[in-house]
Amino acid sequence: MATRRTTTPKKPKAEPRAKKPRRVADSLTVSVLQATLESTADGILVVDLDGNIVSHNRHFEEMWHLPASLIAANNDAVGRGRLIAHVREQLVNPQLFVDGIQDRYAEPESDSFDVLIFKDGRVLERYSIPLRLNGRSVGRVWSFRDVTARRRAECVQEAVYRISHTAHTADNLLQLLRAIHEIVGELMPAKNFYVSLYNAENDRLEFPYFVDEYDTARDIPPRKLRKGLTEYVLRTGQPLLATPEVYEQLVAAGEAELIGAPSIDWLGVPLKVKDRTIGVVVTQTYSQGVRYREGERDILTFVSSQMAMAIERKRVEDAWREQSELLQRIVDNIPVMLVFLDDQGRLTWGNREWTRTLGYDIADASARDIFAELYPDPRERQRVRDSIGAPMGQWTDFRTRTRHGATLDTIWANAPLTGGGWLAIGMDVTDRKRAEERYRSFIAQSSEGVSRLEIDPPVPISLPEEAQIDRLYAGARIAECNDAMARMYGYEEAHDLVGTTLASLHNVTDPANREQIRAFLRAGYRVSNSETREHDRDGRPRVFLNNVVGFVEDGHLVRVWGTQRDVTEQRHLEEQFRQSQKMEAVGQLAGGIAHDFNNLLTAILGNTQLLLRDLPPGDSKRGDVEEIRKASERAASLTRQLLAYSRRQMLQPEVLDLNVVVAEMDKMLRRLIGEHIALAAVLAPDLGRVRADPNQIEQVIVNLAVNARDAMPEGGKLTIETANIDLDETFAQAHLGSVAGSYAMLAVTDTGAGMDASVRAHLFEPFFTTKEVGKGTGLGLATVYGIVKQSGGYISVYSEPGLGASFKIYLPRIETPVTTPAGPQKGGAARGSETVLVVEDEPAVLTLSRRALEAQGYLVLAASDAAAALRVVERHGGTIHLLLTDVGLPGLNGRKLAEQASRCLPGVKILFISGYARNAIVHNGVLDPGVELLPKPFTMDSLARKLDQVLQSASSC
């Protein structure tokens, strides 16, 4: 601090002070110099002429990472050698360092300056000057200045400039990224380097540039976003230096996972354009000798902005170039003629297709009135000129002449150009028009129906399905069709059908038709091999197989093209075939079990009857035996119903008056249906006769009455009606299974709950029932169906929910008078004394039959098959009055046995027994004339009565 100088009285001169000793002054000077040495930012090293370290500061030790022990050992050549080796290991060019020292010792009076670059990226400036004392060199001072930050800043600035410059000069993105890698590699270790760009359209990461010493794949496919470090930087928008410790923390937090080869240091920086992150630039190390610090992160972060802008620019340029090249290729190769017309309509440019199609060179064409050559007819030429400036999208047909004299069918449209003039677009449609003519000729002559439906108003495809269906039915009309389609609907020519609405052809309320249109909508407005149920102009139902394609414009369904085939007869035959297959399958089942099952039931029923005879009245066991008998009879009934449904039961038809059958059943039906249901009979007085098995017809009426009773639990009315009906071909075509002809109709109608379409579809299937478990077998209506079909008739049903049901049975009318049936034999059978040969392959039935007949006084001969029976006949020698044989014997069947026995035993009576006679004695369900049959299962009493009846008759096999 400055002080004011003052004048003071002169004092006597003081005695001079004694000087400090020299040693003390030198010590002070050294202290000052040492403090100065330590306070400087440079690293200072002072050595003598022999290279021994005289002095150094702390910054020198830090710059060179020198331990004190290594410096202290610098008093001999060995120690100096270790020191020099330590320094050399840190330098990129250690020889340069050694050469500089040697040069200075060679010229002790010289100064020097050079730059040292370290492996870890640091840059030091080295200065060296001789140390002089009293004008004589006594050593050397080395000064080291750390200029890493300054050099990096300079390099980074230069790198930014180079990246910007490369963005303008690189041919494509890959070339740019390769140059960026080289530039970054000059700033920091970047041997392993990649750039990942985010594709927002498909939410994927792309890797346009990837260089790695371990992941050697050059072409990395795009991938979905995962939890890699790249995605972490992309997600956070912040730089990340992931050392092993940082990486473990991210993994533990669930923020990252390992993708690719594991690295030691991973450095990623987001590439941002304004506030948008477009990707990530990454460099990583796999060596402990190369580690990243904050400096490398700052460098990469600094240059990333310029990188992002350069990459984005190059991506836009590449996209623009690709688009331009694509457009050029399209213009050069598109099979469409393109020409530019100026404001006066003169041709100024044309593409290759124009030249190829018309044969003119653009330069020649633009130099003269080309339209006069293309359109020699003045009227056609005027049409061309008038079409220039027409509304966009409006196409006009022309006849254009080529340079070679050929005339082409062409169509043209034009669009205004921004700078003035017009772009004319043309196509050669000569081949297409010829093909259209051939196609229209083909359609006109095709046997398949072809149609085009226009929809007015168009149907918005955004509407719900049901609304689209309703709008389609309301607005779709036939705009075009061929004659074949018109004939399918009963019209003569196509123009008779044009204008008809879809709703007037379809059965709109048929769920199948709505489902077909629903499938058409769901399949993208197209459907193949889809059936619709429609009707012709006379109301007759038809079935069509359709292939349909809809056309959607501006979000609206505007038209539908389709083809169709009439498959009504085919479906009719298929349904008949399926029904016959179903009948055959159930018949095979029924026939397969009937024989063996009825044998078992015969044995069970016969033995229960014998047990009941032996048990005295009141015996406690009689109840158990009765239950066995009832269960067996129910099982026998089920078997008969199966055989009835499959039309394999054995009928004994008679000429019947259905009115008589109904009248005789009146009392029984009233008891069956109960007093809460009224029964009415409406019988035609002139009803024709039918041929049928009376027992089976009664079964039909009973089953239908029971079905009606169950449908009216709260009461109602049951009506049985008869009438003469004639069915024509129209009815037969509309009702599957019917045949045109004269019929006696039997109708059973109730006022019950009724049935919907889903129930009606399965009504006659065996075991189908809507009743509760245990309330029905599901065979009642199946049995009705089988009996009617086996009797040559047809059955139909009409029913709606809540409107009751009406079953109508049609049996063929005949002119034969009514047969008076023999009344059933009452009481027990008379005892006999005749000889009976019993042939049965089921031991239980054979034993039972023998016991029953012997109990009646007959002499019984027994055999288990035909061969044994013939041997019995041969050995017996006496008269055999009756042959009782099972039809289904092993080897020679019962019919063949009867024929051979009749030749050996003239006058012998034949009685067949069978649970399932197949075709041996039954044809089309009817017994052969003169054949006597006792169906299984049978009781002992029924066997005795039937045997007595046959013995008393005059017929034989």
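What is the volume of the second largest cavity? The views below come from a predicted model, and the second of them returns to this question.

**View 1. The whole chain, shown for orientation.**
The structure is a predicted model of a protein chain that has 32 helices and 35 strands. Of the 957 residues in the chain, buried residues make up 43%. Among contacts with a separation of 6 or more, residues 24 or more positions apart account for 60%.

**View 2. The second largest cavity and its lining.**
The volume of the second largest cavity is about 180 Å³. Its lining is made by 16 residues, and Leu341, Phe371, Val384, Trp412 and Ala424 are those that lie nearest its centre. At least two lining residues are supplied by each of β12 (337-341), α11 (352-358), α13 (370-374), α14 (378-387) and β15 (407-416), with β15 giving the largest share, 3 residues. When the lining of the second largest cavity is divided by class, 14 residues are nonpolar, 2 are polar and none is charged.

**View 3. The largest cavity and its lining.**
The count of cavities of 30 Å³ or more comes to 4, and the largest cavity has a volume of about 300 Å³. It is lined by 23 residues, of which Leu453, Leu502, His506, Val548 and Val560 lie nearest its centre. Two or more lining residues come from each of β17 (449-460), β18 (476-481), α19 (502-505), α20 (511-522), β19 (526-535), β20 (541-553) and β21 (556-566). The element that gives the most to this lining is β21, with 5 residues. By class, the lining of the largest cavity has 14 nonpolar residues, 8 polar residues and 1 charged residue.

Most residues other than glycine have a negative phi, and most peptide bonds are trans. In strand β17, where Pro457 is found, the peptide bond from Asp456 to Pro457 is cis, with omega near 0°. In strand β19, where Asn529 is found, the phi of Asn529 is near 50°, a positive value in a residue other than glycine. Asn529 counts as exposed because its relative accessibility is 54%, and the cut-off for exposed is over 50%.

Trp142 is found in strand β5 (residues 136-146), and it counts as buried because its relative accessibility is 5%, where buried means under 20%. Leaving aside neighbours within four places in sequence, Trp142 is in contact with several residues, including Gly43, Ile44, Leu45, Gly100, Ile101, Arg126 and Tyr127. Trp142 and Ile101 are 41 residues apart in sequence, yet their C-alpha atoms are 9.9 Å apart in space. Asn134 lies in the loop between β4 (123-133) and β5, and it has a positive phi of about 55° although it is not a glycine. Asn134 is exposed, with a relative accessible area of 80%.

**View 4. A loop threonine and a strand isoleucine.**
Thr243 lies in the loop between β9 (240-242) and α9 (244-252), and it is buried, with a relative accessible area of 15%. Not counting residues up to four places away in sequence, Thr243 touches Ile264, Asp265 and Arg291. Ile910 lies in strand β32 (residues 909-914) and counts as buried at 6% relative accessibility. Ile910 and His881 are 29 residues apart in sequence, and from C-alpha to C-alpha they are 8.9 Å apart in space.

**View 5. Helix α28 and the glycine after it.**
Helix α28 (residues 780-790) is mostly covered, with 10 of its 11 residues buried. Among these buried residues are Leu781, Val784, Tyr785, Ile787 and Val788, and also Lys789 and Gln790. Just after α28, Gly792 takes a positive phi of about 80°.

**View 6. The packing of helices α29 and α32.**
Two packed helices are described by the angle between their axes and the distance between the axes. Helix α29 (residues 843-855) and helix α32 (residues 940-952) pack at an angle of about 65°, and their axes are 10 Å apart. The crossing of α29 and α32 is right-handed. At the contact, Leu848, Ser849, Ala852 and Leu853 in α29 meet Met940, Leu943 and Leu947 in α32, and by class these comprise 6 nonpolar residues, 1 polar residue and no charged residues.

How values were computed:
Residues are numbered from 1 along each chain as its sequence is written. This is a predicted model: local features need pLDDT of at least 70, side-chain atom pairs count only at pLDDT 80 or more; totals for chains, interfaces and linings use all residues. Side-chain values use heavy atoms; hydrogens and water are left out. Axes are lines fitted to C-alpha atoms, for helices over the stretch in contact, and angles run from 0 to 180 degrees between N-to-C directions. Helices (H or I, at least four residues) and strands (E, at least two) are DSSP runs, numbered from the N terminus. A crossing is left-handed if the near helix is turned anticlockwise from the far one by less than a right angle, and right-handed if clockwise. Contact means heavy atoms within 4.5 Å. Ala, Val, Leu, Ile, Met, Phe, Trp, Tyr, Cys and Pro count as nonpolar, Asp, Glu, Lys and Arg as charged, and the others, Gly among them, as polar. On a 1 Å grid over the protein atoms alone, a cavity is a set of points where a 1.4 Å probe fits but cannot get out, and a pocket is an open set with protein on both sides within 12 Å along at least five of seven lines; lining residues have an atom within 4 Å of a point. Grid points are joined across faces, edges and corners, and a volume is the space filled by probe spheres set on the points. Buried means under 20% relative accessible area, exposed over 50%, partly exposed in between (1.4 Å probe, protein chains only).
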